Amino acid sequence: MTDTTPRYSLTLLGLGDMGTALARTWLAAGHRLTVWNRTAAKAAALAAEGALVAAGPAEAVAANGLVVLCLLDDASVGSALDGIDLTGKDVVNLTTGTPAEGRARAAWAKERGARFVDGGIMATPTMIGVPEAGGYVFYSGSRALFDTHREVLEVPAGARFVGEDASHAALHDVALLSAMWGMFAGISQAYALIEGEDIAPKDLAPLLSEWLGAMGFFVGNAAERLTSRDFTSGVVSNLAMQVAGSGTMLRTAEEQGVSTELIAPYVDLLRRRLAADPVAHGGEDTVGALLLLKR
């Protein structure tokens with residue numbers, strides 16, 4: 001006989017695309033799930049799949065010791081839980097927010113007698129519940145909470161604990177997304193340059209993928225240089241050379257009728273670093289320029 005007893009009981013507030021994906025993976029794994037959503041109609045399909053639908057957030061929170069939030073924003077979290085008793089609850093916030101919001105929400109939860117963990121989801125809804133897709137979630141805050149519930153938190157996607165400072169999950173999340181956006185900007189610039197030319201995007205694509213892969217060494221190189229503060233040892237293409245070469249990229253864009261707005265800010269940063277002290281900085285790796293970003 002098959003044991004159909006639910007293995008875990010938890011509550012989920014928020015049934016947008018991500019929340020619904022999370023809910024379905026927990027239900028499919030046999031967990032007892034109570035859900036609530038401001039627009040009640042979104043819970044109907046999940047009820048048919050076995051979810052218990054709460055009439056309101058207070059009822060949903062009261063149902064279980066583990067409460068997961070996947071709402072629109074931090075303000076929605078405060079609104080949904082306003083006046084609700086959180087004493088003894090374990091609150092896992094998977095709502096997208098800033099590091100400061102994560103830290104403030106942790107203090108807010110502590111004042112209400114709850115343990116708290118903030119999360120940063122590194123996955124799209126379609127990657128949830130699909131281990132081979134490689135999605136995972138950053139968690140930070142109460143280590144005890146994370147260790148207690150790790151098994152159930154790992155059902156939708158991998159779980160990576162990044163520290164007891166509740167701000168660190170969001171910080172890791174945004175750091176990776178920032179790198180992704182920068183990469184997307186460069187890729188967009190590359191395709192814009194060939195737009196209207198007798199070069200098919202599908203022919204440039206494999207060359208672009210290969211080149212970006214080869215440039216992946218910069219990630220580790222930057223980490224080492226930022227740690228050691230040594231920007232000059234073993235430099236292959238120094239700052240002075242990069243600045244000199246940047247003019248070609250900018251002129252090519254102008255010739256092709258393409259805006260430089262995606263790459264000009266980075267070029268400006270490199271030029272500022274060099275101009276500050278051409279002798280001291282000219283032979284550096286470009287990593288040193290990022291120190292100018294810190295206000």
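Student: In what order do the strands of the open sheet stand?

Tutor: Please bear in mind that this is a predicted model. In general, the strands of a sheet pair through backbone hydrogen bonds, either parallel or antiparallel. Here eight strands form an open sheet, and their order is β3-β2-β1-β4-β5-β6-β7-β8, with mixed pairing.

Student: Which strands are the edge strands?

Tutor: An edge strand pairs on one side only, and here that applies to β3 (52-53) and β8 (158-161).

Student: How do β6 and β7 run, and how many bridges join them?

Tutor: The strands β6 and β7 run antiparallel and are joined by six bridges. Within this pairing, G119 stands opposite Y139 of β7.

Student: How does strand β5 run relative to β6, parallel or antiparallel?

Tutor: Strand β5 (residues 90-93) runs parallel to β6, and four bridges join the two. One of the residue pairs to look for is D90 with its bridge partner R115 in β6.

Student: Is β6 mostly covered or mostly open?

Tutor: To judge this, one considers each residue's relative accessible area, and a value under 20% counts as buried. By that test β6 is mostly covered, with seven of its eight residues buried.

Student: Is V91 buried or exposed?

Tutor: V91, which lies in strand β5, has a relative accessibility of 1% and therefore counts as buried.

Student: Which residues does V91 touch?

Tutor: If residues up to four places away in sequence are not counted, V91 touches V67, L69, A114, R115, F116, V117 and L145.

Student: Which residues touch the most other members of the largest nonpolar core?

Tutor: A nonpolar core is a set of buried nonpolar residues joined through their side-chain atoms. The largest one here has 31 residues, and L12 and Y139 touch the most other members. Two or more residues of this core come from each of β1 (9-13), α1 (17-28), β2 (32-36), β4 (66-69), β6 (115-122), β7 (136-141) and α6 (143-153). The largest share, six residues, is given by α1.

Student: With which residues is L12 in contact?

Tutor: Neighbours within four places in sequence are left aside. The contacts of L12 are then G19, L22, A23, W26, L33, T34, V35, W36, V68 and C70. Another core, of 19 residues, lies apart from the largest one and includes V61, L71, I84 and F116.

Student: How many salt bridges does the structure hold?

Tutor: A salt bridge joins a side-chain nitrogen of Lys or Arg to a carboxyl oxygen of Asp or Glu. The structure holds eleven salt bridges. One of them links E151 with R7, and their closest N and O atoms are 3.2 Å apart. E151 belongs to helix α6 and R7 to the segment before β1, so this pair ties together parts that are 144 residues apart in sequence. E151 counts as exposed at 56% relative accessibility, whereas R7 is partly exposed, with a relative accessible area of 49%.

Student: Which parts does the salt bridge between D165 and R103 tie together?

Tutor: The side chains of D165 and R103 meet at 3.5 Å, N to O. D165 lies in the loop between β8 and α7, and R103 in helix α5 (residues 99-111), so the parts they tie together are 62 residues apart in sequence. D165 is partly exposed, its relative accessible area being 27%, and R103 also counts as partly exposed, at 45%.

Student: Which residues make the nonpolar surface patch?

Tutor: A patch of this kind consists of nonpolar residues with over 30% relative accessible area. Here L177, W181, M183, F184, W211, L212, M215, F217, F218 and Y266 make a patch of about 1000 Å². At least two of its residues are supplied by each of α7 (168-194), α8 (201-214) and α9 (217-228). The largest share, four residues, comes from α7.

Student: Where does M215 lie?

Tutor: M215 is found in the loop between α8 and α9. Its relative accessibility is 34%, so M215 counts as partly exposed.

Note on methods
Residues numbered from 1 in each chain as written. Predicted model: local features only at pLDDT ≥ 70, side-chain atom pairs only at ≥ 80, totals over all residues. Heavy atoms only, no water. Patch = residues over 30% accessible without salt bridge, like charges linked within 9 Å, V, L, I, M, F, W, Y side chains within 5 Å. Areas by Shrake-Rupley, 256 points an atom, 1.4 Å probe, with all protein chains shown as cover. Salt bridge = Lys/Arg side-chain N within 4 Å of Asp/Glu carboxyl O. Buried < 20%, exposed > 50% of the residue type's maximum accessible area, 1.4 Å probe, protein only. Core = buried A, V, L, I, M, F, W, Y, C linked by side-chain atoms within 4.5 Å. Contact = heavy atoms within 4.5 Å. Pairing = 2+ DSSP bridges.
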